[in-house]
Amino acid sequence: MLKIKSLSLRIIVFVSLLIPCRGFAAPQELAPGVYFRLNESSCNNGWIIFDDYVLVIDANFPDHADQVIADIRKTTDKPIRFVFDTHHHGDHVLGNGVFTRAGATIVAQRHCAEKLLDPLFQQDYGDYVKNKPDYQNLGMTTAGLVFDDKLIFDDGVHRVELLYFGHAHTKGDAVAYLPKEKILFTGDLCVNGVFNYLGESITKNWIEILGEVQELDVETIAPGHGQLAGKDLLETQKQYFILLHEQVQKSVDQGKSLEETIKSIDIPLYKQWTGVEPRPANIEHVYKEITGLITPLELLELDLDVGPSPTKNTPGWTPPNKILVRGIDADKIRALKLVAPNVEFVKADSNREVLEKIADVDGMLGFIDEEQFKAAKKLRWVHSIMAGVNGYLFPEFVNSDVVLTNARGMHGAPIADHVIGMTLMFSKGLAVHYKQQILNPRFRQVPNYKLTELSGKTMLILGLGGIGRQVAQRAAGFDMRILAIDPKKMDKPAYVRHIGAPDELDALLPEADYIVSCVPLTEHTYKYINRQRFAIMKPNVIFINIGRGQTVDQEALIEALQSGQIAGAGLDVADPEPLPSDHPLWKMENVIITPHMSGRTVEKDVRVWYLFRENVRRFVNGEPLLNVVNKSAGY
């Protein structure tokens, strides 16, 4: 799974210690039963006194946690049942064990909870308490109550909504919203002063999230660091990031170096807010975001597989010197030089040019044939901008040590949209009614076409990879029952009812109202949807294929459609491609055909570019590559 490149957790844990230590203030009651505790040497805390328990905002460091508990005891003797970690940084979570010793359960957003399981946290905890014997046996406590987007605590008097908006300060930031009191505990999503640490942030998305948070009905902001403020603090925080992005982007567009960029930044708003100039580290982070030196959110959200591929720790590894690229322009080559300044990028526009230039390249973007491969004496890595890699799998390449990466996962969103589009065309009769509009205009329903609803219908997805999961997510939004087949063992997403192994296919086919084939073409999937399998499908089933045409016995498909064995088919792929103009599938009323274009969108092209740039950055730095293909398996 893809993780954002970040500094050591040890640095993150002690970031707050870089702030001048001025201690903490007495707790302030913001509303009846709602308290805020300012701490200028660590994170702030809050707590809400419910009818029979206390909910605490952030655990702080262990020794600070004991002080927080002492202050809570001055306000109530009710048990501390829950502690909400707003994110995973050490000054907010290392005190978890102190609270669980007092009987509390730790609450966290799922991404934060996953971070708490990182073995490095235990080591960080040990480093922090090595001179604090009272805390050495507590250990690092993880979350016992985990949520995704929203979790509500409500006793009729107080209502606290724990809300997740996305990756901002960290991947797992969440806030505590009190709608009755119009109070928002923001954690480090919003701070008041010189406390912005950007080490794991995606500031472009942070700006969008702050805009969403501003839609909440809030009057008081209780930040993770710094003084209480009004709602305008959200706008101040957002404007700082907006102005920082604008100025860094301008500097990058002018071709300035990082050092020149840091010197050029001038944001009066920030100095008026904090009393100092923006931290160089903040400027550097945004510079790296813009230039691709930090993994972009568009890739992080896809949870792409990392490796296996040689790294700088592999015996004999050396930095690459030359990468051959096909199909990209001069602007993109300049962008690649920002992530790989010591690499020579060689452009080739034809197979002949590739053959002439490939002898001494270390890496390559684009298709490679057998003749070119034999001429490549130093080749270590080939990247395909397509998801399918069948054309690359000639024996010499498959049996070599050359790493192949591809663009799987980049096409998931548009193809999933396409699947849902086809599904709706059948369920709501959109195709037949559009045909009537063109050929025989009349304002009435096409006779004998049964319109159906998607809610409650069963969709069976064959292949729950990057595309299949996005299909499942969208179909679940229509309240469909999702089943899936996949050869890989994986955690079952909440929106999927069951994931079966390939040997369960025949048992699940008769349950489906819609069958979506997303599988690649391999020796195991060649014509695996055959006459016998069409025969056990429901007679009202809709079969949709967006994988590969040769995974379906097309003659059997035609027979099933003509006989009424299945109700319809949506095909973005066929066998052969292009489908001949006189092919019988073109003439069938119950078939929708598109010319293998479901994955073609402007947004997909951006992701494909980001993936190649990210893999170039990883290749030259000796880091594991993304989307490594198992050449023997074919995917």
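**Entry 1: H8 against H11.** I looked up this helix pair first, and H8 and H11 are oblique to each other, so neither roughly parallel (under 35 degrees), roughly antiparallel (over 145) nor roughly perpendicular (65 to 115) applies. The model is predicted: local features need pLDDT of at least 70, side-chain atom pairs count only at pLDDT 80 or more, and totals for chains, interfaces and linings use all residues. Residues are numbered from 1 along each chain as its sequence is written, and side-chain values use heavy atoms, without hydrogens and water.

I read the geometry next. The axes of H8 (residues 232-253) and H11 (residues 280-291) cross at roughly 60 degrees and come within 9 Å. Axes here are lines fitted to C-alpha atoms over the stretch in contact, with angles from 0 to 180 degrees between N-to-C directions. The crossing is right-handed, with the near helix turned clockwise from the far one by less than a right angle.

I listed the contact (heavy atoms within 4.5 Å). H8 brings Tyr240, Leu244, His245, Val248, Gln249 and Val252. H11 brings Asn282, Ile283, Val286, Tyr287, Glu289, Ile290 and Thr291. I noted eight nonpolar residues, four polar and one charged.

**Entry 2: H7.** I found Thr203, Asn205, Trp206, Ile207, Ile209, Leu210 and Val213 buried in H7. The buried residues of H7 pack against strand E11 (183-187), H8, H11 and helix H12 (297-300).

Conventions. Helix = DSSP H or I, 4+ residues; strand = E, 2+ residues; numbered from the N terminus. Nonpolar A, V, L, I, M, F, W, Y, C, P; charged D, E, K, R; others polar. Buried < 20%, exposed > 50% of the residue type's maximum accessible area, 1.4 Å probe, protein only.
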